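Here's a quick briefing to read alongside the picture. Have a look around first, then work through the points below.

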Amino acid sequence: MPEQLSRTIETLYRSESGRVLATLVRLLGDLDLAEESMHEAFAVALESWTQAGIPDNPRPWLISTARFKAIDAIRRRARFDGAQRDLVAHMESRVNDAPSGDEEIEDDRLRLIFTCCHPALPPEGQVALTLREVCGLTTEEIARAFLITPATLAQRIVRAKAKIREASIPYEVPTPQELPERLDAVLQVIYLVFNEGYSAAAGAEVTRAELTGEAIRLGRLLIELQAEAEGPKPEIMGLLALMLLHESRRAARASSTGELILLENQDRSLWNRKQIAEGMALVEKALNSRRFGPYTLQAAIAAVHAEAESTAATDWRQIVAIYDQLVRIQPSPVVHLNRAVAIAMRDGPEAGLAHIDAVLEHGELANYYLAHAARADMYRRLGRTAEARSAYEKALTLTQQEPERRFLARRLEELE
C-alpha cells in the first residue's frame, strides 16, 4: 500500500501542484513560503493517507494542510520578528475559510504565470521560474533539459524570486491596459520553452518531448484562462497553432537511430493528423480575427507545409508572401533568413544565396549555425563544392547538438 500510495501522490503532484501552489501564493503572498508549505502538505499526505485513505477531493485537503503548515511557520518567525504577528493574526482569522473553488484556482494559476513572466525578470529567470512553479518540473529536470548544472538553474530561480520580492511585483493578472505588453512576455517565454524542446541547443537528442509538451499545455491553459465573451486573444491561438503544427512532425524528424531528418525527406505519413487538424482550425480562427501578429503568421506558414503532400508540391509562392508580411511586423535576422530559404525554393538556389549573403552581411547571424548551413546548401545545389565545404565546416563548428553535427558531417562526406 505505501508504494502504491507513493506513486499515486507522485501522479497527484504532477497534476495538482501547480494549482495548489498558485492558490497558496494568493493566500500567503510569499512564493517561498507557499512552495515550502505545499511540499510539507504532500509529505503529510504520504503519512496521513496511509491510515485514513485518499480524500475524495485531494486538492482542498492539500491546500488546507499547507495553510496550517504555513501558519505554523509564520508563528515561529513571529517569535523573533514582531512584524510577522499581524500576518499570523490575519491568517488565523481565515483558517476556517472554505478552500477556493475550481474557477478561482484557475484564476490563481493565471496570476502565477504572469508573475513568473514579469518583464522585470531576466528572460532566463522567467523560463526557469515558469517551468518550476507553473509546470511543476523539478530543478534537476529543468537543468537537464537546458544542459546546465542544477546549481546554476537553482541560482536563476533564487535570483528571480528575490527580484519579485525586491521589486514588489504584484501577484495579479495585468489590467486590460497592461495586458498587451505583459501577454507578449508570457507568449515569448512559452515559445522559448517550446523551441528548446523542439530543437535542442545541444546534447544527444533532436527533440525533448517533455518541454514541447509543457509549452503546449501552457498554451492551452492560457486559451482557457483568457477566454472572454469574444474568445481568447488571437495571438494565443496563433502560438498554440504554431506549436501544434511543428510538434505534429516530431515522429518524422529523427530516424530510429536518432539521425536528423530534414523536412524535405520526412515520411509525412508519420505526421500527427490530429494535431494538424487542431492547429489548422486555430490558425483559421486567428487569421479571421484580423488582429493577429507574428505567431499567427508563422503558424500560417507551418499550415502551408502541413497541407502539402511533398516539398515539391508545397506552395512556396504563398509561403514567401506570408514571410513578406512577417518581416514587416517582425524584421528579425532569423525571419529574414527563413524568408531567404523560401525564396530559394521558389526562385532557385542562386536567388536564395543572394538573400542569405545579404542577411549574413549585417553580422547578427555570424555565429548562427543554421545561417551557414543554409548557405552551404545553396552552394551544394549550385555545384560550388569548395564554397559549400567551407560553409558546412563553419556550421559544424557552431552547433553543439550531436544529431546536427552528424548530419553536417555526412553532408561534407557527400561532397567528397
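Which helix gives the most to the lining of the second largest pocket? That would be helix 8, with three residues. Keep in mind as you go that you're looking at a predicted model.

**The second largest pocket**

- This pocket has a volume of about 240 Å³.
- Its lining is made up of 14 residues. If you want to find the centre, look for Gly 29, Asp 30, Leu 31, Ile 164 and Ile 169, which are the lining residues nearest to it.
- Three helices each supply at least two lining residues: helix 2 (31–52), helix 5 (102–116) and helix 8 (150–166).
- Sort the lining by class and you get seven nonpolar, three polar and four charged residues.

**Rings and charges**

- The model has five aromatic pairs. One of them is Phe 194 with Tyr 198: their ring centres are 5.7 Å apart and their planes meet at 15°, so this pair is stacked, the cut-off being under 30 degrees.
- These two partners sit four residues apart in helix 9 (residues 179–198), which means about one helical turn separates them.
- Are Phe 194 and Tyr 198 buried or exposed? Phe 194 is buried, with a relative accessible area of 0%. Tyr 198 comes in at 13%, so it counts as buried too, because the limit is under 20%.

**Two residues to look up**

- Thr 23 belongs to helix 1 (residues 2–28). With 0% relative accessibility, Thr 23 is buried.
- What joins the side chains of Thr 23 and Asp 108? A polar contact of 2.7 Å does.
- Asp 184 is part of helix 9. Its relative accessibility is 51%, so Asp 184 counts as exposed, the limit being over 50%.
- Asp 184 and Pro 119 are 65 residues apart along the chain, and their C-alpha atoms are separated by 9.3 Å.

Key:
Residues numbered from 1 in each chain as written. Predicted model: local features only at pLDDT ≥ 70, side-chain atom pairs only at ≥ 80, totals over all residues. Heavy atoms only, no water. 1 Å grid on protein atoms, 1.4 Å probe; cavity = no way out; pocket = protein on both sides within 12 Å on 5 of 7 lines; lining within 4 Å. Points joined across faces, edges and corners; volume = space filled by probe spheres on them. Nonpolar A, V, L, I, M, F, W, Y, C, P; charged D, E, K, R; others polar. Phe/Tyr/Trp six-rings, centres within 6.5 Å; stacked < 30°, edge-to-face > 60°. Buried < 20%, exposed > 50% of the residue type's maximum accessible area, 1.4 Å probe, protein only. Polar contact = N/O pair within 3.5 Å; in protein donor to acceptor, adjacent residues only side chain to side chain.
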